[in-house]
Amino acid sequence: MSIVETWTGSAPATGLPLGWSVADTKGGDPITQIRLLETPPGWKLRLTEPGGEVRFKNVEPGANLLTAFAEDQRYLVWADTDGTERRDAMVQFTLGDLRSLAEGQVRAIPDPSGEPQTMTREEFRAYAAASC
């Protein structure tokens, strides 16, 4: 599971956007839900170092670690479920997008070439099942 800030102006001083990424590197701690910016038990935080090198670490802050969401920023979140770093599911959002969700609603992109939409959790599950 990964999330990065999308650049709205000039690139950050480090050349890398703030980001957060976690993985079950041993494959023994499956989960069905994840809370963004929290590392699930048994998982490791993956940091991108200046220069683009990716390292897995236990929860240790890095120069480009996203630790909180900002009101004026857009984010891109995606899931890689098979370890290939292919984006199996992806959506952009702002805090305003999330605040507008009613109970039982999610933000998703049901069509890979489409735009993010608000839908019920049941609709999301139906789209997900049909895409497998």
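## A buried tryptophan

A residue is called buried when its relative accessible area is under 20%. In this predicted model, Trp20 has a relative accessibility of 3%, so Trp20 counts as buried. Let's start our visit there.

Trp20 is part of strand β2. Setting aside neighbours within four places in sequence, Trp20 touches Met1, Ser2 and Ile3, a run from Ile34 to Thr39 that takes in Arg35, Leu36, Leu37 and Glu38, and also Leu45, Leu65 and Leu66. Thr67 sits 47 residues from Trp20 along the chain, and the C-alpha atoms of these two residues are 7.7 Å apart.

## Leu36, a partner in a loop

One of the contacts of Trp20 is Leu36, so let us turn to that residue next. Leu36 belongs to the loop that runs between β2 (19–23) and β3 (44–48). With a relative accessibility of 26%, Leu36 counts as partly exposed.

Which residues does Leu36 contact, leaving aside its neighbours within four places in sequence? They are Met1, Ile3, Trp20, Phe69, Val77 and Phe93. Val77 is 41 residues away from Leu36 along the chain, with 9.1 Å between their C-alpha atoms.

The structure holds three aromatic pairs. Phe69 and Phe93 form an edge-to-face pair, with 5.8 Å from centre to centre and 70° between the planes. This pair links distant parts of the chain: Phe69 lies in the loop between β4 (54–57) and β5 (75–79), while Phe93 lies in strand β6 (residues 89–93), 24 residues apart.

Our last stop is strand β7, which spans residues 105–108. Val106 and Ala108 make up the covered face of β7, and Gln105 and Arg107 make up the uncovered one.

How is β7 joined to strand β8 (residues 117–120)? Four bridges connect them, and the two strands run antiparallel. Arg107, on the uncovered face of β7, has Thr118 as its bridge partner in β8.

Note on methods
Residues numbered from 1 in each chain as written. Predicted model: local features only at pLDDT ≥ 70, side-chain atom pairs only at ≥ 80, totals over all residues. Heavy atoms only, no water. Buried < 20%, exposed > 50% of the residue type's maximum accessible area, 1.4 Å probe, protein only. Pairing = 2+ DSSP bridges. Contact = heavy atoms within 4.5 Å. Phe/Tyr/Trp six-rings, centres within 6.5 Å; stacked < 30°, edge-to-face > 60°.
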